[in-house]
Amino acid sequence: MKMKGAILFTVLAGLVSTGLAIQCYVCTSDDDVACNDPFESFTMTKQTCYGTNNCMKVVALDQVTRACGYDNSTVSIGSSDGECTTTKIFGIKATTCTCYLDGCNSANLPKLSAFAAATLVAAFTALF
């Protein structure tokens, strides 16, 4: 039984974010056309962002930038809360969206991948 518990812990640890860092897509459409909308996330790798608490996407002058961000909000990493704001500076409109889930600054907002869900079901089936 101890072995089953150890295996289950390992599987769950691999599927659950630790909350110590968030993973975001980091790119600009000027450098990589795949960063533009529609976003081609399958060609990108998420980066671990230490010392930040959100992911962000900024759209201005037909350029898309995806990055790690930080704000002083009380929203914690892993929360589904997020928001977009639009500002105009010197006549240039910029929309900034912030979010608090791993990879949430993509066009799609996956909560749990199909592979992760299948792995979890298989682990429970095999163990119990």
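Before you click anything, one term: a residue is called buried under 20% relative accessible area, exposed over 50%, and partly exposed in between (1.4 Å probe, protein chains only). This is a predicted model, where local features need a pLDDT of at least 70, side-chain atom pairs count only at pLDDT 80 or more, and totals for chains, interfaces and linings use all residues. Residues are numbered from 1 along each chain as its sequence is written, and side-chain values use heavy atoms, with hydrogens and water left out.

**Stop 1: colour by confidence.** pLDDT is the predictor's confidence in each residue, from 0 to 100. The protein averages 75, and 67% of the residues score at least 70. Select residues 1–18, where pLDDT stays under 50, and then residues 108–125, where pLDDT also stays under 50. Where pLDDT is low, the predicted coordinates should not be read in detail.

Stop 2: Select leucine 61, in the loop between strand S4 (54–60) and strand S5 (63–69). Strands here are DSSP runs (E, at least two residues) and helices likewise (H or I, at least four), numbered from the N terminus. Most residues other than glycine have a negative phi, and most peptide bonds are trans. Leucine 61, not a glycine, has a positive phi of about 50°. Aspartate 62, in the loop between S4 and S5, also has a positive phi, of about 60°. Are these side by side picks buried or exposed? Leucine 61 counts as exposed, because its relative accessibility is 66%, and aspartate 62 is exposed too, at 75%.

**Stop 3: Pro38 and Phe39.** Move to the loop between strand S2 (27–28) and strand S3 (47–49), where you will find proline 38. The peptide bond from aspartate 37 to proline 38 is cis, with omega near 0°. Now pick phenylalanine 39, in the loop between S2 and S3. With a relative accessible area of 9%, phenylalanine 39 is buried.

**Stop 4: Asn105.** Finish on asparagine 105, in the loop between strand S7 (92–99) and helix H2 (114–127). Asparagine 105 is buried, because its relative accessible area is 2%. Show its neighbours with heavy atoms within 4.5 Å, the cut-off for a contact. Leaving out residues up to four places away in sequence, asparagine 105 touches Cys24, Tyr25, Cys55, Met56, Lys57, Arg66, Ala67 and Cys99. Which backbone oxygen lies 2.8 Å from a polar atom of the asparagine 105 side chain? That oxygen belongs to tyrosine 25.

Technical notes: Polar contact = N/O pair within 3.5 Å; in protein donor to acceptor, adjacent residues only side chain to side chain.
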